[in-house]
Protein chains: 2
Amino acid sequence: MPGKPAISLLSASVAKALDGELMSTGAFSVDQLMELAGLSVSQVVYREYPSSSHAKVLVCCGPGNNGGDGLVAARHLWQYGYQPTVYYPKPSSPDLYKRLCKQLEDLDIPIHTTHTSDLFHQLLKQSNLIVDSLFGFSFKGPVREPFGEILSAIVDSKLHVVSVDAPSSWEIDEGPQKEGPLKNFNPNVLISLTAPKPCCNFYKGKHYLGGRFVSKAIKEKYHLQLPPYPGMDQIVDITDQPLATV
Amino acid sequence: MPGKPAISLLSASVAKALDGELMSTGAFSVDQLMELAGLSVSQVVYREYPSSSHAKVLVCCGPGNNGGDGLVAARHLWQYGYQPTVYYPKPSSPDLYKRLCKQLEDLDIPIHTTHTSDLFHQLLKQSNLIVDSLFGFSFKGPVREPFGEILSAIVDSKLHVVSVDAPSSWEIDEGPQKEGPLKNFNPNVLISLTAPKPCCNFYKGKHYLGGRFVSKAIKEKYHLQLPPYPGMDQIVDITDQPLATV
């Protein structure tokens, strides 16, 4: 019996080009893509950590689109019965992000936009799960503060972590940091969006794919080999499935 | 054992006010709301009509937001393995609708934007399911052409129909047409969005609710009694559940 075909990997530069193409020739709006991406993140959390055991989710959002996915996920998680708290120390200024925050405020979801070590440690103590939506495919090191401190505290907390698109601090094409306090950062769950990135070759946890919006045209143009999604699911479990080399 | 609490009904005017509020104080974009609404429509189709038996879905889209929900649903249905065809005889001009159509074109989904009786009858013959996203909560009769002819042909075809937000041609606050060829139009499945409308008191089929995006703030302001959604589902089956009087 032949094995499953290897899933394509998107290098940082190709991921950027493909993302741009979804919004230009693909005619998707950021609002649409972020809503679907964030929804798929929330579904992975629900699948892996039912709210009864991990209700208190600390959603850590970075300054870019990855952070926006986290803001959307937090809203859906609230709808599923979780009690999310959002940590968003470098809030993004475009209108979209302000609107996503307002949607959270209307659900009485706490949003912290100023970082202090004490506050973050206190929030970690009150949480039983982390969503890491700090950095996505456009990350390039070194990790700037306060995100280095935040990630170190997350590692020290031993809480389970669900990373969005890439484990934050990992170089997209290279993998984990080679030295320093984040050298051993390995999230328990990863949801790759659109397609996994080369750093996933170093990843050894539960692995999902989300972002069921790639058009036929784009799939053909980029010669993407992606796994089928089951039924009407927005996520597919790709743990231990073979990944292509780049 | 006490029964389930009656689900609130939204009159046409209150539905309009609430929709406006979601986008003003609620800070949602049309893109976001339409994506979530259309996704929930696609999930109802999948739940009730698995693609193996009803792959050829004719998605009939009207000129307003209800039509936009249909355009989004068609895209998701394609992702689930259906072969949707879109009938969109009065395409809406705002950029959002053009983008939703482009997203369908990139999947090679046929979109028909000119009505002729012959064409529509031919499409009905080739289809095994109808999504009726012609008119939503802002409908006010009489039904204008070509939509009267289209709806009559749908009724005559005896195909199963999934209606979006309201059975098209039904007065939102009053119910079915009292005379004429559409007097007996009763879809097999209805998905109400946000909350059911008063016309649902006349409806006797499978009934779902979608639009899991109502904020706590809006729910309180409008004294909305809505059923809980199960797990991470975007839809909830409310068939035979008691509806409030308005």
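How many residues apart are A:Asp95 and A:Arg99 in helix α4 of chain A? The two lie four residues apart, about one turn of the helix. An α-helix has 3.6 residues a turn, so residues three or four places apart point the same way. A:Asp95 and A:Arg99 form a salt bridge, with 3.1 Å between the closest N and O atoms.

The structure is a predicted model. Its scores are ipTM 0.96 and pTM 0.97. For chain A the average pLDDT is 96, and 99% of the residues score at least 70.

## Salt bridges

Over all chains, the count comes to 18 salt bridges. A:Arg99 has a further partner in A:Asp31, at 3.0 Å between the closest N and O atoms. A:Arg99 belongs to helix α4 of chain A and A:Asp31 to helix α2 of chain A, so this pair ties together parts that are 68 residues apart in sequence.

A:Arg99 has 17% relative accessibility and so counts as buried. A:Asp31, at 12%, also counts as buried. A:Asp95, in contrast, has 51% relative accessibility and therefore counts as exposed.

In chain B, B:Asp31 and B:Arg99 form a salt bridge, their closest N and O atoms being 3.0 Å apart. This pair links distant parts of the chain: B:Asp31 is in helix α2 (residues 30-48) of chain B and B:Arg99 in helix α4 (residues 95-105) of chain B, 68 residues apart. B:Asp31 is buried, at 12% relative accessibility, and B:Arg99 is buried with a relative accessible area of 16%.

| Residue | Partner | Closest N and O atoms |
|---|---|---|
| A:Asp95 | A:Arg99 | 3.1 Å |
| A:Arg99 | A:Asp31 | 3.0 Å |
| B:Asp31 | B:Arg99 | 3.0 Å |
| A:Asp108 | B:Lys216 | 3.0 Å |

## Contact between the chains

Chain A gives 34 residues to the contact and chain B gives 34 residues. Between them the two chains bury about 3200 Å², of which 57% is on carbon and sulfur atoms. Two salt bridges are counted between chain A and chain B; A:Asp108 with B:Lys216 is a salt bridge whose closest N and O atoms are 3.0 Å apart. There are also 18 residue pairs in polar contact between the chains, both residues at pLDDT 80 or more.

On the side of chain A that touches chain B, the elements that give two or more residues are α2 (30-48), α3 (65-79), α4 (95-105) and α7 (216-221) of chain A. Of these, α2(A) supplies the largest share, eight residues. By residue class, this side of chain A divides into 13 nonpolar, eleven polar and ten charged residues.

A residue of chain B that touches chain A is B:Arg75, found in helix α3 (residues 65-79) of chain B. Is B:Arg75 buried or exposed? With 3% relative accessibility, B:Arg75 counts as buried. Leaving aside its neighbours within four places in sequence, B:Arg75 is in contact with A:Phe28, A:Gln32 and A:Leu36 from chain A, and with B:Glu35, B:Leu100, B:Gln103, B:Leu104, B:Leu107 and B:Ile109 from chain B.

## Helix α6 of chain A

Helix α6 of chain A covers residues 147-157, and its buried residues are A:Phe147, A:Gly148, A:Ile150, A:Leu151, A:Ser152, A:Ala153 and A:Ile154. What covers these buried residues includes β1 (57-61), β2 (85-87), α5 (117-125), β4 (129-133) and β5 (161-164) of chain A. After α6(A) comes A:Lys158, with a positive phi near 60°.

## A loop lysine

Where in chain A is A:Lys183 found? A:Lys183 is in the loop between β5 and β6 (189-193) of chain A. Its relative accessible area is 41%, so A:Lys183 is partly exposed. Apart from neighbours within four places in sequence, A:Lys183 is in contact with A:Pro176, A:Gln177 and A:Lys178. Between A:Lys183 and A:Leu10 there are 173 residues of separation in sequence and 23 Å in space, C-alpha to C-alpha.

Definitions and conventions. Residues are numbered from 1 along each chain as its sequence is written. Chains are lettered from A and ligands numbered from 1 in the order in which they are written. This is a predicted model: local features need pLDDT of at least 70, side-chain atom pairs count only at pLDDT 80 or more; totals for chains, interfaces and linings use all residues. Side-chain values use heavy atoms; hydrogens and water are left out. Contact means heavy atoms within 4.5 Å. Buried area is the accessible area (1.4 Å probe) that two parts lose on being put together, summed over both. A salt bridge is a side-chain nitrogen of Lys or Arg within 4 Å of a carboxyl oxygen of Asp or Glu. A polar contact is a pair of N or O atoms within 3.5 Å; within protein, one must be able to donate a hydrogen and the other to accept it, and residues adjacent in sequence count only if both atoms are side-chain atoms. Ala, Val, Leu, Ile, Met, Phe, Trp, Tyr, Cys and Pro count as nonpolar, Asp, Glu, Lys and Arg as charged, and the others, Gly among them, as polar. Buried means under 20% relative accessible area, exposed over 50%, partly exposed in between (1.4 Å probe, protein chains only). pLDDT is the predictor's confidence in each residue, from 0 to 100.
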